[in-house]
Amino acid sequence: QVQLAESGGGLVQPGGSLRLSCVASGIIFLSYNMAWYRQAPGKQREFVARISAFGTANYAESVKGRFTISRDNAKNTLYLQMNSLKPEDTAVYYCNASGLRDLWGQGTQVTVSS
């Protein structure tokens, strides 16, 4: 069964950190570029970060220097380390796999609030 399963979201205070994970199953993980997107209430889904199969990463300007995307190909897992979180980072975060198919996870809620 093809599936992307995110975890790690939650409630955190401004300035705090969270680490999101996305476990992929049913695909050849190495053959996919992986990415994180997010969608805040009332807004369109937006790009956060992407990492190629070979580990090349790029980021949205709004998260550059605060977020780090990584992948463990042996574990079929994508990560997003989020530091110095701001209230405007509040959103549902989605994992995306692009390659032979375009796949999405169900999302995990991140809320940054005091």
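The side chain of Thr-90 reaches the backbone oxygen of Pro-87 at 2.9 Å, and the Thr-90 side chain also reaches the backbone nitrogen of Val-112 at 2.9 Å. Both are polar contacts, a term for a pair of N or O atoms within 3.5 Å in which, within protein, one atom must be able to donate a hydrogen and the other to accept it, while residues adjacent in sequence count only if both atoms are side-chain atoms. The model is a predicted one, in which local features need pLDDT of at least 70 and side-chain atom pairs count only at pLDDT 80 or more, whereas totals for chains, interfaces and linings use all residues. Residues are numbered from 1 along each chain as its sequence is written, and side-chain values use heavy atoms, with hydrogens and water left out.

**Thr-90 and its surroundings**
- Thr-90 sits in the loop between strand S8 (77–82) and S9, where strands are DSSP runs of E with at least two residues, numbered from the N terminus.
- Apart from neighbours within four places in sequence, Thr-90 is in contact (heavy atoms within 4.5 Å) with Ala-40, Gln-109, Val-110, Thr-111 and Val-112.

**Strand S11 and its partners**
- Strand S11 (residues 108–112) has a covered face made of Thr-108, Val-110 and Val-112, and an uncovered face made of Gln-109 and Thr-111.
- In a regular strand the side chains alternate between the two faces of the sheet.
- Strand S2 (residues 10–12) pairs with S11 in the parallel sense over three bridges, with Leu-11 having Thr-111 as its bridge partner; pairing requires that DSSP finds at least two bridges between two strands.
- Strand S9 (residues 91–98) pairs with S11 in the antiparallel sense, also over three bridges, and here Val-92 stands opposite Gln-109.

**Thr-108**
- Thr-108, which lies in S11, is buried because its relative accessible area is 12%, buried meaning under 20%, exposed over 50% and partly exposed in between (1.4 Å probe, protein chains only).
- The side chain of Thr-108 reaches the backbone nitrogen of Gly-9 at 3.2 Å.
- Not counting residues up to four places away in sequence, Thr-108 touches several residues, including Glu-6, Leu-20 and Tyr-93.
- Thr-108 and Arg-38 are 70 residues apart in sequence, and their C-alpha atoms are 9.3 Å apart in space.

**Side-chain classes in the pocket lining**
- The lining of the largest pocket has four nonpolar, three polar and four charged residues, where Ala, Val, Leu, Ile, Met, Phe, Trp, Tyr, Cys and Pro count as nonpolar, Asp, Glu, Lys and Arg as charged, and the others, Gly among them, as polar.
- A pocket is, on a 1 Å grid over the protein atoms alone, an open set of points where a 1.4 Å probe fits, with protein on both sides within 12 Å along at least five of seven lines, and lining residues have an atom within 4 Å of a point.
- Among the lining residues are Arg-38, Pro-87 and Thr-90.

Conventions: Helix = DSSP H or I, 4+ residues; strand = E, 2+ residues; numbered from the N terminus.
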